[in-house]
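Subject: A structure for you to explore

Hi there,

Here is the structure I promised to pass on to you. Have a look at it first, and then read my notes below.

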Amino acid sequence: MSLTPLHILVDDREDRTSIAMRLAASGEVRITRKRLKTGDYLIEGRVIAERKRIPDFLASLCDGRPFRQAYRLANCGLRGLMIIEGSGSEWKQTGIHRAAIQGALLTLGIVFDLQILRAMDEAETSRILLLAARQICRSARSSIRRPGWRPRAKRGRQLFILTSLSGVGATRALALLNHFGSVERVLSAPQADLLGIEGIGPRTAIAIRDAVSEDLTFYK
């Protein structure tokens, strides 16, 4: 147990669940309720977590919502976590192909750099959030410098996202960012505008549009 209370800020729309109550009942967590612009739970001011029930997650694939949410998580300046909650049998109830689900999860993890965790129910989600808060607090108190993870400046995060796109290396990512000014504008740019950037040919432009297109009917 931590020496000082752990702090988790909970989006007020999550009050319909038992998660905040379970966290408070642990005796370790101080809960603050607030309307969050991004995510559902802000853990120790360092990690933002989005909770998705499996049926909601699968239904939202058809309109691209998970990717828009992932984009916001990736650009909020904090580490992003997505908790997908529900039993294994729920994955099969919508008829979406397994390969499509795996592709979506890979996109969230690799392109948007999100940590994806599974939880069976609200009780397990509560435990995940509590463990995350404990580990964040423990690492903050530790004097050991761990290699590999460092806070990144916003421009560095923007370039990181763009270089995850097919055919976009560091030079092309920089050219795209300099021209359009933000990742959002790059991802929403028409193919013709992408072709106007030095180093972006038809194949790369098509790959960028395919990667960010919200038309996910091919997943069915």
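Before anything else, a word you will need: a residue is buried when its relative accessible area is under 20%, exposed when that area is over 50%, and partly exposed in between, using a 1.4 Å probe and protein chains only. Helices (H or I, at least four residues) and strands (E, at least two) are DSSP runs, numbered from the N terminus.

This is a predicted model, so local features need pLDDT of at least 70 and side-chain atom pairs count only at pLDDT 80 or more, while totals for chains, interfaces and linings use all residues. Residues are numbered from 1 along each chain as its sequence is written, and side-chain values use heavy atoms, with hydrogens and water left out.

**The whole chain**

The protein chain has 10 helices and six strands. Of its 220 residues, 42% count as buried. Contact here means heavy atoms within 4.5 Å. Among the contacts in the chain with a separation of 6 or more, 66% are between residues 24 or more positions apart.

**The sheet**

In what order do the six strands of the open sheet lie? The order is β2-β1-β3-β4-β5-β6, with mixed pairing; two strands pair if DSSP finds at least two bridges between them. At the edges are β2 (29-34) and β6, each of which pairs on one side only. From one strand to the next, the twist averages 25°. For such angles, axes are lines fitted to C-alpha atoms (for helices, over the stretch in contact), and angles run from 0 to 180 degrees between N-to-C directions.

Start with β1 (residues 6-11). It runs parallel to β2, and six bridges join the two; H7 stands opposite R30 in β2. Five of the six residues of β1 are buried, so this strand is largely enclosed by the rest of the structure. D11 belongs to β1 and is buried, with a relative accessible area of 1%. Its side chain makes a polar contact with the side chain of R13 (2.8 Å). A polar contact is a pair of N or O atoms within 3.5 Å; within protein, one must be able to donate a hydrogen and the other to accept it, and residues adjacent in sequence count only if both atoms are side-chain atoms. Leaving aside neighbours within four places in sequence, D11 also touches K34, R35, L36, G39 and D40.

Now move to β5 and β6, which pair in the parallel sense over five bridges. I83 stands opposite L117 in β6. Helix α3 packs on the sheet, where it touches β4 (47-53) and β5, and its direction makes about 170° with that of β4.

Is Q69 buried or exposed? Q69 is buried, with a relative accessible area of 14%. Not counting residues up to four places away in sequence, Q69 touches E50 and K52.

The 14 residues of helix α4 (residues 98-111) should span 20 Å at 1.5 Å a residue, and its end C-alpha atoms are 19 Å apart, which agrees. The expected span is 1.5 Å times one less than the number of residues. In α4, A100, I101, A104, L108 and V111 are buried. Seen down the axis, these buried residues fall within an arc of 140°, so they line one face of the helix; the arc is that of the directions from the helix axis to the C-beta atoms. On the face turned away are the exposed residues R98, A99, L106 and I110. The buried residues of α4 pack against α2 (54-60), α3, β5 (79-85), β6 (115-119) and α6.

Helix α7 (residues 170-180) has A173, L176, L177 and F180 buried. Why do they line one face? Down the axis of α7, the buried residues fall within an arc of 95°, so they line one face of the helix. T171, N178 and H179 are exposed on the other side. The cover over the buried residues of α7 includes α6 (154-163), α8 (183-188), α9 (191-194) and α10 (202-212). Just after α7, G181 takes a positive phi of about 90°.

**A last residue**

A205 sits in helix α10 and counts as buried, at 0% relative accessibility. Its C-alpha atom is separated by 5.7 Å from that of Q191, 14 residues apart along the chain.

Enjoy exploring!
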